[in-house]
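Below is a short briefing on one chain, for use next to its sequence and coordinates.

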Amino acid sequence: MCAGCFIHLLADARLKEEQATCPNCRCEISKSLCCRNLAVEKAVSELPSECGFCAQQFPRSLLERHQKEECQDRVTQCKYKRIGCPWQGPFHELTVHEAECTHPTKTGNELMDILDEMDQTRHKEMQLYNSIFSLLSFEKIGYTEVQFRPYRTDDFITRLYYETPRLTVLNQTWVLKARVNDSERNPNLSCKRTLSFQLILKSKVNSPLECSFLLLEGPYDDVKIKPVIYHFVFTNENNETEYMPLPIVDSVECNKLLAAKNINLRLFIFQIQK
C-alpha cells in the first residue's frame, strides 16, 4: 500500500484500540514490521496515472512534472495578483485573461483600497512573528521536549486521550493532556481529525503565574505545525487551561501523529514579569 494509506490505517487502529492488520491477508502490521518494497515502487512509477487537471494518462514518474509545468489545464493565477486580481483558472486561459484584466487600468485610489486589504492580511502574519521575537526577550524562558502517550478513559465506551509525564519548566511542575476531535464518540468514522491540548500546572504557587506558551514540532518529527501563542494566568484555584487546538496543518498531519507510538513535541513557556 502507499505511504498515505499506511499512515491512515495505523491511525484508524489507534482510534479503535485495535492492532493494525493488512486489509488483504489480515496479518499484523506496524511501522517496525513493514519496509519499503522497492521493486513494487519502481513498477508503480511506470504505471499510467491520470492527471488531475486534464485527465490524460501519464507514467507516474512523469506526472508531477506534467502537472507543474506542462499541463495546459493546470490551475494558475494572474500576474496581477500582487495588485489584488483574484482570478485563477486553467493555464490555457491565462493569456486571454491577462489581456482583458481590469486591474492594471484601475485608478490609484481603487488600487490603494485593494492594497490596504492585502496589507492587513500581511500585518496579521507579521504580528505573530513579532510576538514570538518579543517573547524571546523575556527574562524567564523555559522549554522542554514533551512526549504524549496514548491512554484510554474508563468509560463504558472508551475514548482515546494523550497525557505527558510530569515535566519541570521554570521551576514549576506541569502536565499536558490532549484529545482527538474534542472527544467525540467515534472519531474513527470522521475523515477530518484534529487534536486539542490542555496545559496543567501541578505545582502550588504563592501568587498568580502569568504565562505565554506554545507547542512546536520536536527535533525528530516532520509534522507541520503553525505556531500559535496562547496566554493564561495560573493560580492554585485555576490551574488548568481550556482545551486549545493543536495548530497542525490538516488531517493528514494529524494522522501522522496518531499513527506514531508517541507524540513528540516541544513546549515553550514564557513567564510574564509584572
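R26 sits in the loop that joins α1 and α2 (38-46), where helices (H or I, at least four residues) and strands (E, at least two) are DSSP runs, numbered from the N terminus. The model is predicted: local features need pLDDT of at least 70, side-chain atom pairs count only at pLDDT 80 or more, and totals for chains, interfaces and linings use all residues. Residues are numbered from 1 along each chain as its sequence is written, and side-chain values use heavy atoms, with hydrogens and water left out.

**Loop residues with positive phi**

- R26 is not a glycine, yet its phi is positive, at about 70°.
- R26 is exposed, with a relative accessible area of 57%; buried means under 20% relative accessible area, exposed over 50%, and partly exposed in between (1.4 Å probe, protein chains only).
- N171 lies in the loop between β7 (167-169) and β8, and has a positive phi of about 60° without being a glycine.
- The relative accessible area of N171 is 73%, which makes N171 exposed.

**Helix α1**

- Helix α1 covers residues 3-16, 14 residues in total, and runs 20 Å from its first C-alpha to its last.
- That length is close to the expected 20 Å at 1.5 Å a residue, the expected span being 1.5 Å times one less than the number of residues.
- F6, I7, L10, A11, D12, A13 and L15 are the buried residues of α1.
- The cover over these buried residues includes β5 (140-152), β6 (160-163), β8 (172-180) and α6 (251-259), with contact meaning heavy atoms within 4.5 Å.
- E17 comes after α1 and has a positive phi, near 55°.

**Helix α6**

- Seven of the nine residues of α6 are buried, so this helix is largely enclosed by the rest of the structure.
- The buried residues of α6 are S251, E253, C254, N255, L257, L258 and A259.
- They pack against α1, β6, β8, β9 (195-201) and β13 (263-271).
- E253, a residue of α6, is buried at a relative accessible area of 4%.
- Neighbours within four places in sequence aside, E253 contacts D222, V223, K224 and I248.

**Whole chain**

- The chain holds six helices and 13 strands.
- Its radius of gyration is 24 Å, well over the 19 Å from the globule rule for 274 residues, so the chain is more spread out than a compact globule; the radius is taken over C-alpha atoms, and the rule is 2.2 Å times the number of residues to the power 0.38.
- Along the principal axes, the C-alpha atoms fill a box of roughly 70 × 65 × 30 Å.
- Of the 274 residues in the chain, 34% are buried.
- Among contacts with a separation of 6 or more, 52% are between residues 24 or more positions apart.
- The accessible surface is about 17,700 Å², with 50% of it belonging to carbon and sulfur atoms; areas come from the Shrake-Rupley method with a 1.4 Å probe, and for residues only the protein chains shown count as cover.
- There are 34 positive and 36 negative side chains, and the centres of the two sets lie 5 Å apart.
- Lys and Arg count as positive and Asp and Glu as negative, while His and the chain ends are not counted; each charge is placed at NZ of Lys, CZ of Arg, CG of Asp or CD of Glu.
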